[in-house]
Amino acid sequence: MARIPKKDQPPRAVKLIRAELGNVMALADPNDPAHRIGDAVGVYAYFDYDDEPIYVGQTSSSFRDRISRHLTGQRSDAVAKFILDPFEVASVSMWSLPHVAEAESLKRPGQPAGSSEKKTLLNPYEYTVYRTLEAQSNFGAVLNEGAIQPSELVDLPPRVHACIIPDELWEDRKHSDVRIARRAATISRLSQMISEREVSGGMRRTLLLQAQRLTWLAEQRIYEIGAELPDSEDASIGDE
């Protein structure tokens, strides 16, 4: 079998999304206009095609590295791939925190802060974003499997919020039937993993939330096509 030339890999849709993501990362950082947002550190969040918040995270390296690894399937932890389908992500928000990037180490005065020290500085911002988006969610929850470190809420800086799906792909990717199928497949994989491993309560909550999101999307599709949901009498016909 002939090998596919590198120039033809990956598929066209993936190339287009990666290019769009690259354009987003090249935007100016509103909190440090001389630099690009992709080079900044801070807190980020993903949103689906209904602008529903689905994940919150932080990075002490750069948004470009962390978000690119998430959305191109290059995360090192296999579990994460069962929780969040990159196909679900339509837009991203990034809150850059230049003071964290430039922080000095408390343990080694005069030296840059290490990743663990930066994480400590990022935690209150991550928690604030998480709680803010949790309150905005139609489901009162976000898909994070691990608990966000609780802290005092802080004032958030201006964010960059941008769609990463090119216009030419939007309608096909947003189609409810496609998303229902993807979401059901994610639930199936997550359910199987839970049945085979000892998992956290957070992962079981994630499974429940994904099931609720699937139900909501399937109901929306019923309304879109003008059909009616079965009432309790219709549902009992098969039992007679």
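Me: How do strands E5 and E6 pair, and over how many bridges?

Reply: Two strands count as paired if DSSP finds at least two bridges between them. Strands (E, at least two residues) and helices (H or I, at least four) are DSSP runs, numbered from the N terminus. Here strand E5 (residues 91-96) runs antiparallel to E6, with four bridges between them. Within this pair, Met94 stands opposite Val160 in E6. This is a predicted model: local features need pLDDT of at least 70, and side-chain atom pairs count only at pLDDT 80 or more, while totals for chains, interfaces and linings use all residues. Residues are numbered from 1 along each chain as its sequence is written, and side-chain values use heavy atoms, with hydrogens and water left out.

Me: What is the order of the strands in the open sheet?

Reply: The order is E4-E3-E5-E6, four strands with antiparallel pairing. Strand E4 (53-59) and strand E6 (160-163) are the edge strands, each pairing on one side only.

Me: How many salt bridges does a search of the whole structure find?

Reply: A salt bridge is a side-chain nitrogen of Lys or Arg within 4 Å of a carboxyl oxygen of Asp or Glu. The search finds 11 of them. In one, Asp39 joins Arg64, with the closest N and O atoms 2.5 Å apart. Asp39 sits in the loop between strand E2 (32-36) and strand E3 (42-47), and Arg64 in helix H2 (residues 63-71), so the pair links distant parts of the chain, 25 residues apart.

Me: Which side chains meet Arg221 in salt bridges?

Reply: One is Asp177, at 3.1 Å from N to O. Arg221 lies in helix H8 (residues 201-224) and Asp177 in helix H7 (residues 176-196), so this bridge ties together parts that are 44 residues apart in sequence. Another is Glu224, at 3.0 Å. Glu224 and Arg221 are about one helical turn apart, because they are three residues apart in helix H8.

Me: Which residues does Gln210 touch?

Reply: Contact means heavy atoms within 4.5 Å. Gln210 lies in helix H8 and counts as buried, at 0% relative accessibility. Leaving aside residues up to four places away in sequence, Gln210 touches Ile83, Glu88, Leu143, Arg183, Thr186 and Ile187.

Key: Buried < 20%, exposed > 50% of the residue type's maximum accessible area, 1.4 Å probe, protein only.
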